[in-house]
There are 2 protein chains.
Amino acid sequence: LSAPIYFTPGPSELYPTVGAHIQTALEAKIPAISHRGKTYQEFHGRAVSNLRELLGLPSDWSVLFLSSANEIWERALQNTVGHKSAHLVNGSFSKKCFSFASDLGLQTQKLTKPEGESFRASDILLESDVEALFVTHNETSTGASMPVDEIHALRKQFSGLIFVDAVSSLPYPSFDFSKIDSVYFSVQKCFGLPAGLGVWLVNNRVKDRQLILKEKGKSTGTYHRLDELLAQAEKNMTPETPNVLNIFLLSKVTEDLLNKGIGQIRRETEEKASALYVLCAEENGYLRPFVKDSLFRSATTIVAETSISPSEINKQLASLGMAVGSGYGNFKDNHIRIANFPAHSPLQMEQLIDALKKINR
Amino acid sequence: LSAPIYFTPGPSELYPTVGAHIQTALEAKIPAISHRGKTYQEFHGRAVSNLRELLGLPSDWSVLFLSSANEIWERALQNTVGHKSAHLVNGSFSKKCFSFASDLGLQTQKLTKPEGESFRASDILLESDVEALFVTHNETSTGASMPVDEIHALRKQFSGLIFVDAVSSLPYPSFDFSKIDSVYFSVQKCFGLPAGLGVWLVNNRVKDRQLILKEKGKSTGTYHRLDELLAQAEKNMTPETPNVLNIFLLSKVTEDLLNKGIGQIRRETEEKASALYVLCAEENGYLRPFVKDSLFRSATTIVAETSISPSEINKQLASLGMAVGSGYGNFKDNHIRIANFPAHSPLQMEQLIDALKKINR
């Protein structure tokens, strides 16, 4: 039996061009070249400029390569918060980021919503000494998404730094970068790449904040201190020997995404998501959307309550060469999670929906 | 012109089987599988057990996967030093590790040797409040190596933790693991893999030390806190989504190295190194060993002073399909650095030596 098409929410199906790009990399011996040489700098720079174009990122924002979104949570807190951070917590991943702040000895304000819900700007009242707010655009564990407009509206209520976790949604959401200070994502989600690379976007307010804390004598880290990351990024390099192969692959896949067009990617994402939510709304079906308020339903991670166990569903899907994700944590046995990433073509999604309709009970 | 054979000291030539292992990984869709599933746990576990066998690692040591040796410097300091670390500094990389301790707000004792030299145990007198000593087995920037016996002898002089940087030498050195507390390496050096993975080996003294510091209220990090890394390693997993593809490749290449045999790998390393040092000793030659005391000459990174510029040498080597490293930092224009890793076969090394003999002045 050959490997299935993975509709799992990360790691997930590779973008269809990745295999060919890996061949190109091996032929050019990309993994053997120096990360201090011109060839490296060239594709590092291309990955950055492609991302700028794809996301509409202003020129005064910087694009930084780290190892994972977990690392970015830690570096963001370490580099910009001297005293207190606030966290919107509505699932396992937003909760983990919150726990990092305590691990680092920071004071925290925690605002919570039940799993399967998300936040409106009007829900949020921050304590006066909060320096940075951590918002999760898309909770990968529950499929609850905070609408981009609600995220943008936070700017009027809060003058501190706004960090947005778009780990499993970018490049789908269209952010107004004047309303937020930082966004980050992992390449193994919507960019369809092997895991092992996190991408951190920061504006000048974030950069200034780190310098102020450093001047005050706070330790803001070592090789991945923000000023050190930025100094190397200026040269299209990283402080350490990075995941060179993945940065090369990112330069290639972002080119493919640009050729497809961000408009087309967003349209297809919405059409595939709609079809999945229609499936969940079928009267005699065994699936129900876990996120009850349609305002909060994710376009990239569709989570459904299921009366048939995820393992039984995957057993039947396996014979058709497909796999979906099981529920996260406590929901392991009564949710399925379906990744709706650019790597999943409209045709593949149609085939998955057909297969899910025909699951024997 | 096809890509040359890279004798550069990291990233370097891939181990010859890596291309085929990447094909296997792509066919099995390894980059798309969950890092919380059985398939992942199985090859993570195999990478660990293969490393144990290859290095003769005692069963009570743990094998941890991080992102780079830079990260391991930071985590080692953060997790085990409350007050003061000591550093043997004799080149750019040992100096960078030393600078991390200051960045983290620690007090330090710095012992130095000029570049191109290394340390004997008898050179080292540590202040009484030093908690951990950072030793570099192989200074990749200069080709100076501290003999393994001298490292082992430190145990009699110092009761604190001994960390050994073997980034560009393992699996060549044969350590007595009862005489040291931790060793670490990067996979893009002697393991011939793409960059983006650092491997950290720790004994129980290191683990206990972190727990004591944590109990005292010191922040020892977040997702890569030692106790968190260890809890996940117990399950053959990592706290974050790791570089899954590279861990798969490590499980495969360690198998190839075991099949070759560690004895054979060490013998070949020594024979190739001897031939390179013979070349450097030629009376009418343009190369001279940078490390004058043969006791300190590295077997895995041969650094030579050159009266012909590295760029001219590489220009002539390029037409023969080979490349060596230029000097590091200030030595950029008057040293060459030659990686002598398991990926470089005896025949390839012979061809390099022939080519270097024939360089036109």
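Are A:F175 and A:F177 buried or exposed? Both A:F175 and A:F177 are buried, where buried stands for under 20% relative accessible area, exposed for over 50%, and partly exposed for what lies in between (1.4 Å probe, protein chains only).

This is a predicted model, in which local features need pLDDT of at least 70 and side-chain atom pairs count only at pLDDT 80 or more, while totals for chains, interfaces and linings use all residues. Residues are numbered from 1 along each chain as its sequence is written, chains are lettered from A and ligands numbered from 1 in the order in which they are written, and side-chain values use heavy atoms, with hydrogens and water left out.

**The interface of chain A and chain B**

With contact taken as heavy atoms within 4.5 Å, chain A brings 46 residues to the contact and chain B brings 47 residues. The area buried between the two chains, that is, the accessible area (1.4 Å probe) that two parts lose on being put together, summed over both, is about 3700 Å², and carbon and sulfur atoms give 57% of this area. Of the area that chain A buries against chain B, 15% is supplied by A:K29, A:T222 and A:Y223, more than by any other three residues.

The rule for a salt bridge asks for a side-chain nitrogen of Lys or Arg within 4 Å of a carboxyl oxygen of Asp or Glu, and across the interface of chain A and chain B it finds six salt bridges. In one of them the side chains of A:K29 and B:E13 meet, at 2.6 Å from N to O. A polar contact is a pair of N or O atoms within 3.5 Å; within protein, one must be able to donate a hydrogen and the other to accept it, and residues adjacent in sequence count only if both atoms are side-chain atoms. Across the interface of chain A and chain B, 16 residue pairs are in polar contact, both residues being at pLDDT 80 or more.

Helices (H or I, at least four residues) and strands (E, at least two) are DSSP runs, numbered from the N terminus. In chain A, β1 (5-7), α1 (18-27), α3 (69-80) and α4 (92-103) each supply at least two residues of the side that touches chain B, and α1(A) gives the most to that side, with five residues.

**Salt bridges**

Side chains of opposite charge can pair when their charged atoms come close.

| Salt bridge | N to O distance |
|---|---|
| A:E74 and A:R75 | 3.7 Å |
| A:K214 and A:D227 | 2.5 Å |
| A:R225 and A:E228 | 3.9 Å |

A:K214 lies in helix α6 (residues 204-215) of chain A and A:D227 in helix α7 (residues 226-233) of chain A, so this pair ties together parts that are 13 residues apart in sequence. A:K214 is partly exposed, with a relative accessible area of 37%, whereas A:D227, at 16% relative accessibility, counts as buried. A:E74 and A:R75 are both buried, and a network of salt bridges links A:E71, A:E74, A:R75, B:E71, B:E74 and B:R75.

**Aromatic pairs**

Rings of Phe, Tyr and Trp (its six-membered ring) pair if their centres lie within 6.5 Å, and planes under 30 degrees apart count as stacked, over 60 as edge-to-face and the rest as tilted. By this rule there are 20 aromatic pairs over all chains. A:F100 and B:Y223 form a stacked pair, with 5.9 Å centre to centre and 15 degrees between the planes. This pair crosses between chains, from A:F100 in helix α4 of chain A to B:Y223 in the loop between α6 (204-215) and α7 of chain B, and both A:F100 and B:Y223 are buried. A:F175 and A:F177 form an edge-to-face pair, with 6.4 Å centre to centre and 65 degrees between the planes.

**Backbone and loops**

Most residues other than glycine have a negative phi, and most peptide bonds are trans. The peptide bond from A:L170 to A:P171 is cis, with omega near 10 degrees, and A:P171 has its place in the loop between β8 (161-165) and β9 (182-186) of chain A. B:N236, although not a glycine, has a positive phi of about 55 degrees, and B:N236 lies in the loop between α7 (226-234) and α8 (244-260) of chain B.

B:T238 lies in the loop between α7 and α8 of chain B and is buried, with a relative accessible area of 3%. The side chain of B:T238 reaches the backbone oxygen of B:E240 at 2.7 Å.
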